[in-house]
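This report goes through a set of local features of one chain. The sequence and the structure come first.

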Amino acid sequence: MTALTEISAATEVDTPVLTVRDVRIRRHDREFVSGVSFELTPGRVVGIVGESGSGKTLTCRAVLGILPPRFDVSAGSIHVAGSDITTLTPAELTELRGSTISAVFQDPASYLNPSIQVGPQIAEVVRVKKGVRRRAARRRAIELLAAVHLRDPELVYGQYAHELSGGMLQRVLIAAAIAADPRVLIADEATTALDVTVQAEILALLADLRERTGLALVVVSHDLAVVAQLCDEVLVMRDGEVVEQGPTERILYDPRHSYTRLLIREHEQYGLERFLEAEA
């Protein structure tokens, strides 16, 4: 059994699973995100890059329906698997999260209960979202731990968060995020706190999930090397606006906006240049 339900031959792979149209996010009289648009079909990866405060995370939180207090989507639309999330009740949004769209964030320890073993936390997601009994949920959780390439998943199942490395914790969080077979996964700075080797392993894992199951990904990062490795399309955000958008290859090799060119120059010393040379 795979970590996600394999896409059937009858699935319309060209039908968007996520459509964001001219989304604007406000708090009181100030607009923080202005007119973001993109769409995702199964197996595709969209990257959102920009400096801190550019609106990347707010955009993703809007997609997940978890904007901070007093922030609202003031215009535009967000459709997840055909459902306009702005029209859903809180209960319907809760049902959508995890089962259709899920997320992995930067600090996995913050999303795991330190007093409960990590395996039962994944099993609880399976039990609640899939409606299975505890024994079946435990079995599924171990399968998920194996699917994210953790050695000895049965041992990891019984461990606590403080017993695991940062890379292992991020894999556990990915296992929890895909536990209910979502169609869209948002990875918000999911590799930022990891060293280069572990980061590469997590990116390879995400790529494997995408290729094997048709999982659609939104990858949020300030690291252009991450985007270059994984994404099909890139949105470059600055001060809440998309200043440039297009296929990854075009954005990285032929940037048209001065801010994009600045980001590329700043990131060359961190590995982007070496990656681009290897791809050439």
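## Terms and basis

Buried means under 20% relative accessible area, exposed means over 50%, and partly exposed covers what lies in between, with a 1.4 Å probe and protein chains only. At 17% relative accessibility, Ser77 therefore counts as buried.

The model is predicted: local features need pLDDT of at least 70, side-chain atom pairs count only at pLDDT 80 or more, and totals for chains, interfaces and linings use all residues. Residues are numbered from 1 along each chain as its sequence is written, and side-chain values use heavy atoms, with hydrogens and water left out.

## Strand β4

Helices (H or I, at least four residues) and strands (E, at least two) are DSSP runs, numbered from the N terminus. Ser77 belongs to strand β4, which covers residues 71–80. Contact means heavy atoms within 4.5 Å. With neighbours within four places in sequence left aside, Ser77 is in contact with Thr19, Val20, Arg21 and Val23.

Val80 lies in strand β4 as well, and its relative accessibility of 0% is why Val80 counts as buried. Residues up to four places away in sequence not counted, Val80 touches Val17, Leu18, Val63, Ile85, Leu96, Thr100 and Ile101. One of these contacts, Thr100, is 20 residues from Val80 in sequence, with a C-alpha to C-alpha separation of 7.7 Å.

## Helix α1 and the cysteines

Helix α1 spans residues 56–64 and is mostly covered, since seven of its nine residues are buried. The buried residues in α1 are Lys56, Leu58, Thr59, Cys60, Ala62, Val63 and Leu64. Just after α1, Gly65 has a positive phi of about 75°.

A disulfide is a pair of cysteine sulfur atoms within 2.5 Å. By this rule there are zero disulfides. Cys60 is in no disulfide, and the nearest cysteine sulfur to it belongs to Cys231, 11 Å away. Cys60 is buried because its relative accessible area is 4%. Cys231 has a relative accessibility of 8% and so counts as buried.

## Helix packing

Axes are lines fitted to C-alpha atoms, for helices over the stretch in contact, and angles run from 0 to 180 degrees between N-to-C directions. Angles under 35 degrees count as roughly parallel, over 145 as roughly antiparallel, 65 to 115 as roughly perpendicular, and the rest as oblique. A crossing is left-handed if the near helix is turned anticlockwise from the far one by less than a right angle, and right-handed if clockwise.

Helix α3 (residues 118–130) packs with α6 at an angle of about 20°, their axes being 9 Å apart. The two helices, α3 and α6, are therefore roughly parallel. Val118, Ile122 and Val125 of α3 make the contact with Val172, Ala175 and Ala176 of α6. The crossing of α3 and α6 is right-handed.

Helix α6 (residues 166–177) also packs with helix α7 (residues 196–213), at an angle of about 20° and with axes 10 Å apart. This makes α6 and α7 roughly parallel to each other, and their crossing is right-handed. On the α6 side, Gly167, Gln170, Arg171 and Ile174 meet Val198, Glu201, Ile202, Leu205, Leu206 and Leu209 of α7.

## Strands β9 and β10

Two strands pair if DSSP finds at least two bridges between them. Strand β9 (residues 233–238) and strand β10 (residues 241–247) run antiparallel and are joined by six bridges. Val236 stands opposite Glu244 in β10. The hairpin of β9 and β10 has two residues between the strands.

## Positive phi in loops

Most residues other than glycine have a negative phi. Asp239, which is not a glycine, has a positive phi near 50°. Asp239 sits in the loop between β9 and β10, and its relative accessibility of 65% is why Asp239 counts as exposed.

His28 is another residue other than glycine with a positive phi, in this case near 60°. The loop between β1 (18–27) and β2 (30–40) holds His28. Is His28 buried or exposed? His28 counts as exposed because its relative accessibility is 60%.
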